Amino acid sequence: MRAIAGYCRKRHRATAWAPALALLLALPSPPACAQRTTLTIPATTLDQALLMLSRQAGVEIISTEPGLSRVRTVAISGVPNLAAALSRLLAGTGYKAERAGHGYRVVRVRIAPVPLPPRPRQRPKPAPAPATEPADSDEIVVEANKQRVPLLRYPGSLTTLRGSDIPAPSGNSLSDIAGSTPILQSTLLGPGRNKVFIRGVADSSFNGSTQSPTSVYFDDVQLNYSGPDAGLRLYDMRSIDVLEGPQGTLYGSGAIGGVIRLTSNPASVTDTSASMIAGTTVTDDSEPGFDMAGIVNVPVVRDRLGLRAVAYRVRDGGYIDDATRRLRNTNRVDTTGGRLALRLDPGVGWRVEASGAIQSIDMRDGQYSDAAGKSLVRYSRLAQPFHSALWLGRVVASKDWDSGLRLIIANGIVAQHSVEQFDASPRGPGPTTRYRADRDKLLVSHETRLSRSLGNGNSWVVGFALVSDRDILSRALETSATDRSLIGVTNVSRAASLFGEASFAVSDDISLTLGARATMGRNDGEPSSTPRGGSFTKGRSTHRIDPTLAFSWRLAPMLAMFGRFQTSYRTGGLAVAAGTGRVADYLSDVIQVGEIGLRKLRAGPTGLAFSLDLSTAHWRNIQADLITQRGQPYTANIGDARIRAIEANFDWVPIAGLHAGGSIFFTANQVTGPIANASRRDNRRLPETPPLAAAASLSYSAPSHRFAPRFGMTANYVGRSVLGTGDFLDISQGRYWVMGASAGARIGRVEVSLDIDNLFNAAANRFAFGNPFTLVVRDQATPLRPRSARLGISVNW
């Protein structure tokens with residue numbers, strides 16, 4: 001006989017009401033010691049759920065049935081008694097609970113006395129993954145596709161970073177993550193100004209009016225629409241999910257390269273906890289830096305209302321000197337921010353979450369150098385600072401039914417303001433000239449969706465979404481004598497969408513996925529001052545259908561093949577045109593991607609997991625933010641591109657605690673269009689897409705006990721890429737190795753760590769752009785930060 005549970009603690013106050021309550025629920029009365037205030041079990045397998053339930057309730061629960069470890073259960077929270085908890089856990093599983101002495105026995109429901117056919121390899125409805133994933137890889141449930149699909153059945157490429165997988169320190173931004181993840185590429189103007197690309201779908205190295213090719217979401221709320229990534233510091237994140245390839249069906253316009261979803265740790269209504277994180281960073285012959293953060297969780301009303309707060313301050317020390325102004329370490333960056341989240345659990349499956357975030361970035365000067373001189377020295381007349389402020393608010397209401405049905409209503413508002421300056425002074429004698437650009441953004445979004453995941457492998461989601469985005473760009477040239485406004489633009493984009501996607505289990509091993517999104521949108525634009533020449537178009541309507549067709553085929557218990565075809569698009573708009581004082585209309589662009597891949601998961605805490613993916617994309621009418629040889633920005637449709645890519649990943653755990661991982665990304669692309677066709681054949685490439693990028697890591701963490709040391713090494717290679725399409729922007733960057741090392745130890749509640757970046761102090765040009773007004777000389781470089789070491793400490797209560 002297999003014992004699932006346990007032990008019994010006497011609680012005399014329960015004896016009076018426990019039998020009556022159980023009788024009302026039409027289940028056998030539990031022993032007097034079986035009751036506690038509430039019962040909470042995370043989503044897991046049935047054997048583990050019954051074990052946790054037994055320990056919490058103090059009741060013996062046994063079973064002789066095989067296969068309990070292959071049955072998934074839903075998460076339950078705040079259930080008042082054992083009878084209700086058993087009913088919720090066993091609903092739809094094919095098992096039932098019978099009274100056995102002072103406890104229970106879990107048995108299979110027998111429908112007929114005839115011999116049963118061979119048991120099909122299927123799982124009951126998947127449930128949300130717990131905040132801390134179990135070691136078995138088949139426990140991972142994909143929620144970023146809005147349907148709660150087991151990872152083995154997910155028909156697409158997905159990169160997930162959870163907990164310790166997120167590169168240290170935890171205050172990194174997305175562009176820091178991109179530096180160690182080959183399928184992500186990033187520009188490097190600085191925090192709050194960097195654009196992040198997925199799998200080589202990169203439009204431009206410059207920031208302008210176009211919608212971002214990568215959609216970033218904070219939980220269920222869209223964080224960006226146009227322009228660069230906001231540079232949000234990733235403190236207190238549960239996971240980072242990268243959905244590769246266009247996601248037009250589920251996420252709408254802008255997701256032509258993919259979606260990055262940042263999932264924060266939710267407020268808890270049961271646990272009081274606090275964390276403190278602090279560190280100091282020393283960089284070779286440069287300014288030191290520091291970081292500090294605090295995280296607090298308090299159940300305001302236990303089992304009903306919880307509050308979680310995060311606050312942080314980060315200083316990235318400068319390492320670029322300005323020889324003209326005789327200043328050292330000019331490019332210091334200070335980031336200050338915080339988040340506040342409330343969670344209300346009113347009962348009967350409802351949950352309401354409200355949260356807000358604020359962050360400020362202050363960069364004293366540009367982080368580029370003059371490549372012709374010393375690698376960390378620049379010559380400029382003026383400081384080139386950057387400032388940005390971000391405000392975010394979200395309210396999400398959700399309800400889960402025992403049948404696997406889930407309703408989510410998400411509302412978000414994001415406001416951003418940024419100011420950047422460049423030295424536009426002529427080389428040699430002449431007046432000192434400053435170029436200034438102010439940008440204000442307001443993004444409001446709403447989404448309501450209903451989804452269900454069934455035990456036979458079927459799942460579906462339907463919903464509608466509304467998006468409104470306002471982007472205002474103002475520009476000016478300032479000299480010592482005069483200030484002159486330049487033409488700017490305002491774009492207002494609105495869209496309404498209906499979407500649906502469903503996966504059907506054709507057999508035990510094969511499932512098909514079909515979906516589509518219908519969108520009606522409109523973009524209105526106008527110049528921010530009266531144009532002095534040229535013309536512009538005000539008002540453009542868009543009607544789109546973006547389909548999805550995909551399949552998943554389980555070849556072995558932990559091995560599956562998948563394929564996917566999907567499309568997406570970006571809206572058009574009004575932008576600054578080439579020349580002085582002109583604006584022009586640019587058109588929507590569209591991408592179509594087909595991919596096929598293999599995914600193998602580990603069957604237990606040790607073993608090998610890997611994935612392999614091949615994709616091809618056709619990108620038509622590419623929008624790109626560009627600059628003229630005089631440094632003036634403009635936006636245009638530059639033509640079409642073919643992108644072919646191969647990516648492979650592995651994660652090997654030979655013994656508990658020892659991890660070896662690696663990923664590699666190959667890509668090739670070719671652009672055709674007015675700029676590309678007028679350039680040499682070798683210069684017809686997309687920007688920021690090296691043909692080869694790779695990463696490898698080796699780490700060891702001692703088994704969990706009071707003293708738990710850890711060690712790790714990383715290596716990253718970034719191949720050669722160019723600044724943009726055409727002869728003018730074919731400026732080389734990349735082609736470097738960088739190594740890192742880390743060590744740490746946890747002693748009770750305290751963890752100390754030492755992380756070393758750029759271990760061998762490599763020198764390379766990461767990004768060949770810093771100032772548009774001197775780019776024509778082609779001598780700009782963004783150097784690697786010199787070798788730096790961070791000593792950190794964290795304390796958890």
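Two residues are in contact when heavy atoms of theirs lie within 4.5 Å. The legends below describe a predicted model, in which local features need pLDDT of at least 70, side-chain atom pairs count only at pLDDT 80 or more, and totals for chains, interfaces and linings use all residues. Residues are numbered from 1 along each chain as its sequence is written, and side-chain values use heavy atoms, with hydrogens and water left out.

**View 1. The whole chain.** The chain holds six helices and 46 strands; helices (H or I, at least four residues) and strands (E, at least two) are DSSP runs, numbered from the N terminus. Of its 797 residues, 55% are buried, a word that stands for under 20% relative accessible area, while exposed stands for over 50% and partly exposed for values in between (1.4 Å probe, protein chains only). Among contacts with a separation of 6 or more, 66% join residues 24 or more positions apart. The accessible surface is about 32,500 Å², and carbon and sulfur atoms make up 60% of that surface; areas come from the Shrake-Rupley method with a 1.4 Å probe, and for residues only the protein chains shown count as cover.

**View 2. Q359 in strand β21.** Q359 belongs to β21, residues 350-363. Q359 is buried, with a relative accessible area of 2%. Its side chain reaches the backbone oxygen of G231 at 2.9 Å, where a polar contact is a pair of N or O atoms within 3.5 Å; within protein, one must be able to donate a hydrogen and the other to accept it, and residues adjacent in sequence count only if both atoms are side-chain atoms. Leaving out residues up to four places away in sequence, Q359 touches several residues, including A230, G231, L232, Y312, T335 and S388.

**View 3. Two residues with positive phi.** Most residues other than glycine have a negative phi. D285, not a glycine, has a positive phi of about 50 degrees. D285 sits in the loop between β16 (273-283) and β17 (289-301) and is exposed, at 67% relative accessible area. R735 also has a positive phi, near 60 degrees. R735 is part of strand β42, residues 732-747, and is exposed at 57%.

**View 4. An open sheet of three strands.** The strands run in the order β22-β45-β44 with antiparallel pairing; two strands pair if DSSP finds at least two bridges between them. β22 (369-370) and β44 (765-767) each have a single partner strand, so one side of each lacks a neighbour in the sheet. Two bridges join β44 to β45 (residues 780-783), and N765 stands opposite P783 in β45.
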